[in-house]
Amino acid sequence: MKKERFLILAIFGLAVILRFYKLTVIPPGLYVDEAAIGYNSYSIASTGKDEYGKSFPVYFRSFGDYKMPLYIYLSAIPIKLFGLNVFSVRFLSALSGSLMIFVVYFLVKNLFPKEKRVAFLSALLLAILPWTVFLSRMALEMQLGLFFLLLALLFHQKALQGLRLRWWLSTGVLYALTSYAYHTEKFIAPLTFVVWSLVNLKKTEKKENFRQWKNFLLSAVLLMILLGPQIRLSFSSGANARISSLTYFKDRQNLPYNHRPLAVLRKWGAMYTAYFSPRNLFYDPDPDPQRSLPNLSVFYSWMVVPFLIGLYSFLKKETDLIGKRFILLFLVSPLPASLTKDPFSTFRAFPLVFPIAVLISLGISTMMSRISKGVLIIAGVSAFLFSLGLLWRSLFILLPNERFLDWDFGYEQLIQKIEENNYQKVLIDDFLGTSYIEALFFSKYNPRWLLSERKTDLTKYYQLTDWQKESVFGRYEIRPIYWEKDVYQKQLIVASPLAVSESQAKEHFFTKSFDIMGPDGKVIINGYLTNPELKIANNERKKNESRNN
Amino acid sequence: MLDFGRCNLKHLLPRRIRFLIFILLLLFSIIANPLFWNFRQEIATGFGFDTIFTITSEGIYQLNTRRSYYPNQLLGKIFENKLTFYLDKYRKNFFQGLDLNYYFFANHPRERTGMTEKEIFFWFWLPVFLVGFLSSLRKSFLITNLIFLGSLSIVSFFVKIDNFILLLSPFWAVNFYVGLKQIFME
């Protein structure tokens with residue numbers, strides 16, 4: 001017992017180190033969605049309203065993507081404790097990723113009571129997998145969603161194994177919380193609750209059966225009540241527009257057949273199968289550079305062997321029936337992700353990490369029972385160190401050097417420079433208009449001032465799927481540069497070297513104020529002070545010259 | 001008269017020694033054959049096909065750039081070298097060969113740039129294959145799957161594994177057969 005406790009605490013310690021070490025600088029920078037979550041959380045903590053002035057919204061409008069609320073509300077606690085900074089906004093993700101180790105251990109122990117090793121191995125794998133470590137280091141909702149999903153499943157198991165109503169009610173509450181954590185869990189949580197209950201409730205004694213069904217129904221009613229606000233808003237045009245933009249059902253191009261239903265079925269088949277493809281799981285990372293680690297997929301390549309052995313063992317062995325039914329999680333997890341256009345979305349398919357990790361653990365456990373102790377220690381230690389080496393290479397060496405631009409690196413240094421030098425008026429060139437949130441976050445702009453400056457029509461809060469491309473608050477203006485007027489105003493213009501070249505700066509008499517460099521030593525952001533007097537004088541001179549000519 | 005029925009070493013030498021002599025004779029007969037030395041050259045050049053053991057100037061540039069990221073030169077050489085480069089290419093081919101989407105969906109949704117993808121099997125047969133594969137794991141066809149993995153491991157040394165897909169056909173044939181039998185006959 002002591003040995004078990006020591007082992008699980010050691011795995012937890014390892015998970016904490018991998019998630020909290022250099023949390024503020026890896027990933028480099030702060031992605032816009034992270035900044036949006038952080039600032040909205042700060043606004044909620046300060047005023048009880050989001051950045052648009054909506055009091056305690058069910059979904060956070062943000063960039064028209066309607067972020068799920070749980071992470072934002074819970075982040076108010078670390079932000080109150082540590083202030084608004086990169087650490088406080090990523091803290092909740094790292095913490096839930098670390099605590100998930102305990103949940104996984106107890107859950108797997110419950111699902112496979114005869115396979116004690118599998119519980120430890122599952123916990124160890126989830127502590128070191130690239131998928132879990134990487135997502136635990138981002139201030140995004142996925143890790144929190146998975147934590148609550150697994151916790152709900154653990155309570156669900158306890159509820160199914162006993163007759164106490166309180167376990168069922170707790171299960172309902174946890175599934176409800178899970179549904180508010182992330183978009184994927186919004187679909188998976190109620191589905192898991194219903195399917196897992198129906199599959200496991202059927203075969204019990206008659207008297208117990210009635211009581212269990214009664215508890216299940218009460219729990220289902222509680223879950224429906226708690227999901228009420230979400231269900232009501234599911235019919236809003238904002239929610240539907242978002243879903244339409246992500247799915248491929250209405251795509252008209254590139255379908256192989258003229259028969260639309262068949263083409264969509266084929267497309268869905270391809271997308272769903274992609275989530276079980278060894279190529280995507282063990283070699284080729286998510287094609288989106290912001291959602292993956294360089295040269296490392298979601299699992300380590302060597303794990304394909306224990307995965308196949310685990311699959312073989314799972315089918316062959318006389319596993320407990322509950323354990324066999326766990327395959328449902330394996331099949332259900334990628335369903336929401338398979339309905340979207342992204343080829344292999346590591347964010348949306350994140351719940352899949354659990355059943356695959358358990359299968360790999362089962363495979364490793366099978367291998368352990370067939371080889372000698374000496375070989376086992378050498379192989380085990382080698383695989384462990386090799387995996388950590390690959391993780392270190394991708395996460396701490398390649399990611400900050402190759403993907404810093406994908407993580408909006410540079411804004412922290414930029415806003416710091418602006419605040420230190422106390423520029424009166426600042427124009428940040430941004431075609432997309434999303435960097436306003438970075439300026440709000442790093443300047444810790446008072447939410448009350450923002451709300452008084454920004455007047456938003458809240459009657460259509462849940463109907464709008466866009467955001468203001470131009471923002472003005474305090475000294476900041478975030479929009480594209482309008483050359484015909486901006487060069488004649490006394491201000492600091494901030495832009496990338498692509499947006500404002502050296503020749504343009506020279507032409508308009510800009511004075512270089514500062515450079516922000518990337519980790520590769522190249523300039524990523526320039527700060528130029530305008531010289532309207534010189535510009536006007538030059539224009540006058542040219543006019544006179546042309547008149548004389 | 002000589003009794004050819006007793007013309008064996010079974011009674012003279014233990015089993016392990018006999019086996020060792022057999023292996024040595026086999027190796028000698030291969031090495032002593034002049035054809036072997038031509039074959040060796042063929043292996044080294046991949047029988048005229050491109051192998052993974054080539055590195056372009058872009059590859060060298062990438063290796064050198066990545067080496068510069070490491071705090072220590074030695075670590076850079078350990079993690080970024082030709083061996084890791086070849087290993088990455090090998091892994092790319094190996095996992096390409098394991099990808100169901102490659103066989104059933106013309107590599108959709110992760111088509112390779114610059115390549116014309118083809119659907120090797122009609123996607124409708126995927127459930128039949130899956131039933132066959134999972135059933136074969138439970139029955140005695142496991143050896144077929146192991147042979148497939150072994151063949152794929154060899155084929156992955158070549159850059160374009162598409163040229164060698166036919167070699168893996170017994171695996172597909174067995175699993176389709178088992179699947180069809182399971183669904184329609186049992």
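Student: What share of the contacts in chain B with a separation of 6 or more comes from residues 24 or more positions apart?
Tutor: Such residues account for 61% of those contacts, where contact means heavy atoms within 4.5 Å. This is a predicted model, in which local features need pLDDT of at least 70 and side-chain atom pairs count only at pLDDT 80 or more, while totals for chains, interfaces and linings use all residues. Residues are numbered from 1 along each chain as its sequence is written, chains are lettered from A and ligands numbered from 1 in the order in which they are written, and side-chain values use heavy atoms, with hydrogens and water left out.

Student: What elements does chain B have?
Tutor: Chain B has nine helices and zero strands. Helices (H or I, at least four residues) and strands (E, at least two) are DSSP runs, numbered from the N terminus. Of the 186 residues in chain B, 33% are buried.

Student: Why is A:Ser219 called buried?
Tutor: Buried means under 20% relative accessible area, exposed over 50%, and partly exposed in between (1.4 Å probe, protein chains only). A:Ser219 has 0% relative accessibility, so it counts as buried. This residue is found in helix H10 (residues 206-226) of chain A. Leaving aside neighbours within four places in sequence, A:Ser219 is in contact with A:Trp168, A:Gly172 and A:Phe193.

Student: What makes H4(A) largely enclosed?
Tutor: Of its 26 residues, 20 are buried, so H4(A) is largely enclosed by the rest of the structure. Helix H19 (residues 353-368) of chain A is judged by its own count: 14 of its 16 residues are buried, so H19(A) is largely enclosed too.

Student: How do you know that strand S4 (residues 492-495) of chain A is covered on both faces?
Tutor: In a regular strand the side chains alternate between the two faces of the sheet. In S4(A), A:Leu492 and A:Val494 lie on one side and A:Ile493 and A:Ala495 on the other, and all are buried.

Student: Which strands pair with S4(A), and in what sense?
Tutor: Two strands pair if DSSP finds at least two bridges between them. Strand S1 (residues 426-429) of chain A pairs with S4(A) in the parallel sense over three bridges, and strand S6 (residues 523-529) of chain A pairs with S4(A) in the antiparallel sense over four. A:Ile493 stands opposite A:Leu427 and has A:Tyr528 as its bridge partner in S6(A).

Student: What makes a set of residues a nonpolar core?
Tutor: The members are buried Ala, Val, Leu, Ile, Met, Phe, Trp, Tyr and Cys residues joined through side-chain atoms within 4.5 Å. The largest such core has 179 residues, and those with the most contacts inside it are A:Phe299, A:Phe354, A:Leu414 and B:Trp172. Helix H7 (residues 142-161) of chain A gives the most to this core, with 13 residues. Apart from it lies another core, of nine residues, among them A:Leu427 and A:Ile481.
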